[in-house]
Amino acid sequence: MSSVQTPHSELVGALYRDHRGWLLAWLRRNVACPSRAEDLSQDTFMRLLGRDELREPREPRAFLVSIAKGLLFDYFRRAALEQAYLNELMLLPESEQPSPEEQQLILEDLKAIDQLLAKMSSKARAAFLYNRLDGMSHAEIARRLDVSVPRVRQYLAQGIRQCYVALYGEPSCP
């Protein structure tokens with residue numbers, strides 16, 4: 001990693017120095033685990049470092065909180081997904097339960113799928129899940145989401161594209 005300071009990294013460094021303590025305190029009030037709050041604080045600043053473009057925010061604390069809230073939402077969503085998976089595992093007879101190693105692999109796959117679906121709009125995500133998990137028809141999904149059947153087709157195409165990208169990467173032009 002280069003030690004050359006860019007205006008971008010200098011801005012992130014200034015935000016870190018000036019507001020990290022405050023952000024960490026805010027996160028600790030919203031997360032029961034102090035180490036999770038620490039991780040989310042670091043992830044917030046890592047997210048800033050990963051941006052291609054960054055301007056000095058007018059309200060730095062509000063800016064940092066908006067990023068941290070997104071990360072917090074992702075954390076709670078993943079935790080709920082993990083808990084739902086564990087709850088389903090408890091319903092299986094012990095002889096049919098996957099090994100701890102298999103459980104971990106399945107959980108990692110579920111998290112990867114969750115990240116993939118998180119890139120879609122809520123209606124597109126719902127349409128894709130209704131179709132793939134519940135086997136609902138396009139017309140049923142359209143009624144449930146209060147959209148047209150062609151819109152459902154668009155949503156499903158988005159979901160299939162996301163799956164393709166996850167498996168094979170972005171399609172390239174010949």
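This is a predicted model: local features need pLDDT of at least 70, side-chain atom pairs count only at pLDDT 80 or more; totals for chains, interfaces and linings use all residues.
Helix H2 covers residues 34–49, 16 residues in total. From its first C-alpha to its last, H2 reaches 23 Å, close to the 22 Å expected at 1.5 Å a residue. The buried residues of H2 are Ala37, Leu40, Ser41, Thr44, Phe45 and Leu48. Viewed down the axis of H2, these buried residues fall within an arc of 130 degrees, so they line one face of the helix. An α-helix has 3.6 residues a turn, so residues three or four places apart point the same way. The cover over the buried residues of H2 includes helix H1 (7–30) and helix H3 (60–91).

Two aromatic pairs are present in the structure. In one of them, the ring centres of Tyr16 and Phe45 are 5.0 Å apart and the ring planes stand at 75 degrees; the pair is therefore edge-to-face, since an angle over 60 degrees places a pair in that class. Tyr16 belongs to helix H1 and Phe45 to helix H2, so the pair ties together parts that are 29 residues apart in sequence. The two partners can also be described by their accessibility. Phe45 has a relative accessible area of 3% and is therefore buried, whereas Tyr16, at 32%, counts as partly exposed.

The rings of Tyr75 and Phe76 also form a pair, with centres 5.2 Å apart. Their planes lie at 55 degrees, so this pair is tilted; the angle falls between the limits of 30 degrees for stacked and 60 degrees for edge-to-face pairs. Tyr75 is partly exposed, with a relative accessible area of 22%. Phe76 likewise counts as partly exposed, at 42% relative accessibility.

Arg144 lies over the face of Tyr130, at 4.9 Å from the ring centre.

The last feature concerns the backbone of a loop. Asp146 is found in the loop between helix H6 (138–145) and helix H7 (149–168). The phi angle of Asp146 is near 60 degrees, which is a positive value in a residue other than glycine. With a relative accessible area of 69%, Asp146 is exposed, because exposed residues are those over 50%.

Methods:
Residues are numbered from 1 along each chain as its sequence is written. Side-chain values use heavy atoms; hydrogens and water are left out. Helices (H or I, at least four residues) and strands (E, at least two) are DSSP runs, numbered from the N terminus. The expected span of a helix is 1.5 Å times one less than its number of residues. Buried means under 20% relative accessible area, exposed over 50%, partly exposed in between (1.4 Å probe, protein chains only). The arc is that of the directions from the helix axis to the C-beta atoms. Contact means heavy atoms within 4.5 Å. Rings of Phe, Tyr and Trp (its six-membered ring) pair if their centres lie within 6.5 Å; planes under 30 degrees apart count as stacked, over 60 as edge-to-face and the rest as tilted. A charge sits over a ring if NZ of Lys or CZ of Arg is within 6 Å of the ring centre and within 35 degrees of the ring normal.
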